[in-house]
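Work through these exercises with the model open. Each task is followed by a solution in steps.

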Amino acid sequence: MEKIYLADESFTYDMGQKIGRALFSGAIICLNGDLGAGKTAMTKSIAKALGIDEDITSPTFTIVNEYRDGRLKLNHFDVYRIGSSDEMYDIGFDEYINSDGVSIIEWSTIIEDILPEERLDIDINYEGMGRTIEFIPHGEKYEKLVGEVVGQ
């Protein structure tokens with residue numbers, strides 16, 4: 001587990017860039033934390049590092065947005081309004097997370113019971129005027145990813 005302080009939005013953007021450059025096919029990133037702390041901003045910078053130039057918006061009502069024009073396909077979930085994990089199966093959640101695309105799931109603690117064991121949890125929370133970001137890797141390839149990102 002690694003914890004880093006991000007002084008402002010530019011640090012959040014830089015961290016997202018590092019994560020995006022280190023991502024691999026099929027990666028699953030779970031973003032959690034305070035409302036407005038930067039989960040979607042982090043997703044935008046990850047997408048930019050993947051070569052996705054589309055405007056990234058939070059899929060609050062559609063649950064998932066797909067972006068295909070980057071180095072890797074991006075499946076961006078926002079499960080804030082999900083009532084239960086069962087609703088995720090209706091949108092084909094299994095197919096998304098078992099694909100070659102990168103899946104970023106905002107508010108993933110809501111569906112924690114159906115998340116794969118191997119994934120990277122990232123918690124973003126307010127601290128003073130900035131944010132703290134905590135990396136919790138689950139599995140060897142995610143431990144390696146965090147090492148690459150933090151060591152850059």
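**Exercise 1.** Describe how the axes of H1 and helix H2 (residues 39–49) are placed in this predicted model.

*Solution.* 
Step 1. Two packed helices are described by an angle and a distance, both taken between their axes.
Step 2. The axes of H1 and H2 come within 7 Å. They cross at roughly 45°.
Step 3. An angle of 65 to 115 degrees would count as roughly perpendicular, and one under 35 degrees as roughly parallel. H1 and H2 are therefore oblique to each other.
Step 4. Now the hand: H1 crosses H2 in the right-handed sense.

**Exercise 2.** Which residues meet where H1 contacts H2?

*Solution.* 
Step 1. On the H1 side, take Thr12, Tyr13, Met15, Gly16, Gln17, Ile19, Gly20 and Arg21.
Step 2. On the H2 side, take Met42, Ser45, Ile46, Lys48 and Ala49.
Step 3. Sort them by class: six are nonpolar, five polar and two charged.

**Exercise 3.** Give the strand order of the open sheet, then find its edges.

*Solution.* 
Step 1. The seven strands run in the order E1-E7-E6-E2-E5-E4-E3, and the pairing is mixed.
Step 2. Strand E1 (2–6) and strand E3 (64–67) are the edges, each pairing on one side only.
Step 3. On average, neighbouring strands are turned by 20° against each other, direction ignored.

**Exercise 4.** In which sense do strand E2 (residues 28–33) and strand E5 (residues 102–106) pair?

*Solution.* 
Step 1. Four bridges link E2 and E5 in the parallel sense.

Notes: Residues numbered from 1 in each chain as written. Predicted model: local features only at pLDDT ≥ 70, side-chain atom pairs only at ≥ 80, totals over all residues. Heavy atoms only, no water. Pairing = 2+ DSSP bridges. Helix = DSSP H or I, 4+ residues; strand = E, 2+ residues; numbered from the N terminus. Axes fitted to C-alpha atoms, helices over the stretch in contact; angles between N-to-C directions. Parallel < 35°, antiparallel > 145°, perpendicular 65-115°, else oblique. Left-handed = near helix turned anticlockwise from the far one by under 90°. Contact = heavy atoms within 4.5 Å. Nonpolar A, V, L, I, M, F, W, Y, C, P; charged D, E, K, R; others polar.
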